[in-house]
Amino acid sequence: MMDRYSRQILFESIGEKGQKKLGKGFAVIIGCGALGSLIATSLVRAGVGKVRIIDRDFIEYHNLQRQLLFDEEDIRNGLPKAVAAERHLKKINSSIEIEGIVADVNFTNIEKFITGANVILDGLDNFETRFLINDASLKHNIPWIYGGAIASTGMRMVIIPGKTACFRCFVNDLPPIGTVQTCDTAGIISPAPFIIASLQTVEALKILIGSKEINKDLTVVDAWAGTFNRLKISPLQNCPSCQGKYQFLEGKFEVVASSLCGQNAVQVLNPRQEKISFHRLEQRLKPLGKVSYNKFILRFTIDNYEMVVFPDGRAIIKNTDDESLARSLYAKYIGN
Ligand SMILES: [Zn+2]
């Protein structure tokens, strides 16, 4: 069995001792897009004993450009990402435990998903769930690794509870609704998430083998420009999460989706109820689909869905009764 990992064992900082620790490790990857695909592939090939992947989405053609774990057949078979990921990964390494879970990670289930993990990896595309991971990680004393990529740029940061600044020390609060760019609005080239996911994987390996050489800086990469920067992030004096006030874990900011009976539509409620700038949102959505607005509502059509957005952040998503899909569309195009 060890022959499979012989080249990794030859690498001095891991060695046979490190390899055995990897074999006993348990990593949880939340979100299986471009980042999650690469992280999962790397950790499974590296022989991490148990890898759990959680994702709520199905695979679409525009994912294939950068989401390494999926292919056209998965789309023809209509597979959710977590199921396709598990199937492909089991073919790569049958000697470890691999678990794909189709779920929308939220404040009611995250603690169950991370129980027993040695490290949590962020493969997400939205801030709300990252704040949630942050709270859960601090509460249960499990290190997590933030990663985000958009266009040609990305960031990576390791959060070790009680030892480093946390994600909320760094980002403070959710950005105003409708202002955040995502891959679905600003686009993305594959090298950006590939670099970030690789940098996340390196730190996960270090955490799993108990290395003291953890990189505690925020790493900022621009793949197009070929630049790397490291920034020190200091713990924030009055950070609620660091003080044990887990507001995201309490569901205080949770975006809630509920199917509207008999209407083939889902209502998405944003508890923050901030006033949205329709003008800014229109500018952002214009290149992607049909968008129009007046004082009272903004209408946006993408693929087969129509989204009707209200000034307080509430939205009705038409042509689906799938609440998880509605939350996902909301996160992608409106932001949270
Ligand atoms: Zn903090």
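**Pockets, sheet and zinc site**

The lining of the second largest pocket divides into 5 nonpolar, 4 polar and 7 charged residues (Ala, Val, Leu, Ile, Met, Phe, Trp, Tyr, Cys and Pro count as nonpolar, Asp, Glu, Lys and Arg as charged, and the others, Gly among them, as polar). The structure is a predicted model, in which local features need pLDDT of at least 70, side-chain atom pairs count only at pLDDT 80 or more, and totals for chains, interfaces and linings use all residues. Residues are numbered from 1 along each chain as its sequence is written, and side-chain values use heavy atoms, with hydrogens and water left out.

A pocket is defined on a 1 Å grid over the protein atoms alone, as an open set of points where a 1.4 Å probe fits, with protein on both sides within 12 Å along at least five of seven lines; lining residues have an atom within 4 Å of a point. The second largest pocket holds about 300 Å³ of space (the space filled by probe spheres set on the points, which are joined across faces, edges and corners). Its lining has 16 residues, and Glu60, Tyr305, Leu325, Leu329 and Lys332 lie nearest the centre. The largest share of this lining, 6 residues, comes from α12 (helices, H or I, of at least four residues and strands, E, of at least two are DSSP runs, numbered from the N terminus).

The largest pocket has a volume of about 770 Å³. It is lined by 46 residues, with Leu124, Asp125, Asn126, Arg130 and Ala149 nearest its centre. Of the lining residues, 21 are nonpolar, 14 polar and 11 charged. Strand β5 gives the largest share, 4 residues. Elements that each supply at least two residues include α3 (34-46), β2 (50-55) and α12 (323-333).

An open sheet is formed by 6 strands in the order β9-β10-β14-β13-β12-β11, with antiparallel pairing (two strands pair if DSSP finds at least two bridges between them). At the edges, β9 (256-260) and β11 (290-293) each pair on one side only. Strands β13 (residues 305-309) and β14 (residues 315-318) pair over 4 bridges, and Met307 has Ile317 in β14 as its bridge partner.

The zinc ion has as protein donors the SG atoms of Cys166, Cys169, Cys239 and Cys242, 2.2 to 2.3 Å away (donors are N, O and S atoms within 2.8 Å of the metal, or 3.2 Å for Na, K and Ca; water is not among the atoms, so sites may look incomplete). The arrangement is tetrahedral because the 4 donor atoms subtend angles of 101 to 115° (four donors count as tetrahedral if all angles lie between 85 and 135 degrees). Along the chain, the donors follow the spacing C-x2-C-x69-C-x2-C.

Methods:
Four donors count as tetrahedral if all angles lie between 85 and 135 degrees; four count as square planar and six as octahedral if opposite donors are over 155 degrees apart and all others between 65 and 115; anything else is irregular.
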